[in-house]
Number of protein chains: 2
Amino acid sequence: MSEPAEAREARSVPPATIARLPGYLRALGTLVARGVVTASSGVLAGLAGVRPEQLRKDLSLMGAHGRRGVGYDVQALRAELEATLGLTRERRVVIVGVGNLGRALARYSGFPDRGFVVVGLVDADPAVVGTRTAGLVVEPLEELAGVVRRLEATIAVIATPAEAAQDVCDRLVEAGVSGILSFAPRPLRVPVGVDLRSVDLGSELQILAFHDHRRSSAGR
Amino acid sequence: MSEPAEAREARSVPPATIARLPGYLRALGTLVARGVVTASSGVLAGLAGVRPEQLRKDLSLMGAHGRRGVGYDVQALRAELEATLGLTRERRVVIVGVGNLGRALARYSGFPDRGFVVVGLVDADPAVVGTRTAGLVVEPLEELAGVVRRLEATIAVIATPAEAAQDVCDRLVEAGVSGILSFAPRPLRVPVGVDLRSVDLGSELQILAFHDHRRSSAGR
């Protein structure tokens with residue numbers, strides 16, 4: 001009935017805290033680049049765009065505490081957060097759907113900068129299969145499971161049209177990926193044990209439009 | 001001391017509800033395409049990927065109520081949500097930063113599908129200015145304010161490197177855009193009255209990595 005300490009710990013960290021950790025890591029990276037050795041919660045929070053109380057609470061949930069009058073040890077805290085996020089080793093990513101967005105993501109420098117390497121590209125379109133993007137040859141959808149296993153990818157990005165996304169998602173789950181980032185404008189179902197995050201770019205603009213519309217309606 | 005009814009109303013709708021409206025609209029669009037006339041909250045919620053109680057609560061906050069035993073009038077509800085989100089007229093978007101991501105966004109079919117038209121592209125790099133993407137000629141950053149006004153853009157997308165993002169954001173605010181969608185991996189400051197939404201693709205992967213890491217640490 002016992003479970004590893006890490007599993008217990010993982011469950012106890014609220015998802016909202018986890019979602020803010022990459023921002024803290026980014027802020028720490030900025031400070032390291034500037035040669036800063038220690039930083040107050042105020043400085044760190046400012047760089048991360050959160051309130052200092054929020055940052056202190058989040059970090060204390062991760063077991064990290066600043067020293068009174070000194071603040072946080074920038075290098076040590078960065079190493080700790082990297083370990084917590086599992087970034088001490090490179091994570092391997094497969095992108096499914098090599099249209100405009102898929103190609104841009106394959107070339108996106110923000111991924112390797114953050115510990116992710118795109119190792120495979122997959123598409124259903126015979127006209128796209130065999131073409132080369134970012135140094136990788138696009139492989140056919142039928143071989144998705146083999147590609148994921150051969151390349152030891154644990155994370156997948158779905159950049160397919162909405163209609164294809166659930167089928168691709170099911171294939172990825174079956175192939176054994178543990179995390180999926182979907183750009184398809186529709187909700188996807190994944191089994192327990194697989195993490196799904198969705199970014200719907202059209203929805204983001206629609207939410208901005210709502211505010212714009214309210215403002216103009218209100219005559220401001 | 002009085003304020004327009006719409007302004008009062010806008011304040012009373014929780015941001016989380018607003019963020020779910022595009023999903024409901026998407027679900028309604030699917031049903032319209034299938035020729036469905038009425039739909040229960042269960043069907044709609046299933047398509048939108050939320051719980052039926054959540055959907056009923058959100059829609060009732062918007063003043064929309066289903067009829068018992070009949071459900072929601074699909075066409076009427078769609079028209080109502082489009083009006084609420086201000087999608088009855090096209091919204092004009094400028095993209096700043098025409099690298100891989102900016103180019104992909106300029107060509108992204110998910111924007112026109114959702115009521116947004118990319119009308120202008122702007123970049124700081126003289127090698128990029130004057131080139132053509134998606135039928136638009138890239139204009140120089142120094143002319144950003146003029147571009148925004150001339151093209152009557154109200155929404156902007158920032159797809160620049162992190163270092164340039166706050167300066168671009170400030171220029172956009174000054175030029176009068178009301179909403180900004182940023183892909184820059186750093187927090188940005190905007191004044192009250194301007195909406196900012198941020199999508200940090202690297203952070204999304206890091207959050208997935210956290211779960212992957214916890215799972216493998218726990219030996220599952």
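## The interface between the two chains

The area buried between chain B and chain A is about 6,200 Å², and carbon and sulfur atoms give 62% of that area. This figure belongs to a predicted model. The size of an interface is often expressed as the accessible area that is lost when the parts come together. Chain B contributes 66 residues to the contact, and chain A contributes 66 residues.

Two kinds of interaction were counted across this interface. Six salt bridges are found between chain B and chain A. On the side of chain B that touches chain A, helix H9 of chain B, which covers residues 201–217, supplies the largest share, with 16 residues. The residues on this side of chain B comprise 36 nonpolar, 15 polar and 15 charged ones.

## A salt bridge and its surroundings

Is B:Glu204 buried or exposed? B:Glu204 counts as buried because its relative accessibility is 14%, and the cut-off for a buried residue is under 20%. When neighbours within four places in sequence are left aside, B:Glu204 is in contact with A:Leu181, A:Arg197 and A:Val199.

## Aromatic pairs

A pair of aromatic rings is described by two quantities, the distance of the centres and the angle of the planes. Over all chains, the count comes to two aromatic pairs. One of them is formed by A:Tyr108 and A:Phe111, whose ring centres are 5.0 Å apart and whose planes stand at 85°. This pair is edge-to-face, because planes over 60 degrees apart are placed in that class. A:Tyr108 counts as buried at 14% relative accessibility, and A:Phe111 counts as buried at 0%.

In chain B, B:Tyr108 and B:Phe111 form an edge-to-face pair, with 5.0 Å from centre to centre and 85° between the planes. B:Tyr108 has a relative accessibility of 14% and therefore counts as buried. B:Phe111, at 1% relative accessibility, is likewise counted as buried.

## A glycine in a loop of chain B

Where is B:Gly71 found? B:Gly71 lies in the loop that runs between helix H4 (52–61) and strand E2 (72–73) of chain B. Its relative accessible area is 14%, so B:Gly71 is buried.

Apart from residues up to four places away in sequence, B:Gly71 touches B:Ala39, B:Ser40 and B:Gly66. B:Gly71 and B:Thr154 are separated by 83 residues in sequence, and their C-alpha atoms are 36 Å apart in space.

## Chain A as a whole

Chain A contains nine helices and 10 strands. Along the principal axes, the C-alpha atoms of chain A fill a box of roughly 60 × 60 × 40 Å.

How many residues does chain A have, and what percentage of them is buried? There are 220 residues in chain A, and buried residues make up 50% of them. Among the contacts in chain A with a separation of 6 or more, 55% are between residues 24 or more positions apart.

Notes: Residues are numbered from 1 along each chain as its sequence is written. Chains are lettered from A and ligands numbered from 1 in the order in which they are written. This is a predicted model: local features need pLDDT of at least 70, side-chain atom pairs count only at pLDDT 80 or more; totals for chains, interfaces and linings use all residues. Side-chain values use heavy atoms; hydrogens and water are left out. Rings of Phe, Tyr and Trp (its six-membered ring) pair if their centres lie within 6.5 Å; planes under 30 degrees apart count as stacked, over 60 as edge-to-face and the rest as tilted. Buried means under 20% relative accessible area, exposed over 50%, partly exposed in between (1.4 Å probe, protein chains only). Contact means heavy atoms within 4.5 Å. Buried area is the accessible area (1.4 Å probe) that two parts lose on being put together, summed over both. A salt bridge is a side-chain nitrogen of Lys or Arg within 4 Å of a carboxyl oxygen of Asp or Glu. Helices (H or I, at least four residues) and strands (E, at least two) are DSSP runs, numbered from the N terminus. Ala, Val, Leu, Ile, Met, Phe, Trp, Tyr, Cys and Pro count as nonpolar, Asp, Glu, Lys and Arg as charged, and the others, Gly among them, as polar.
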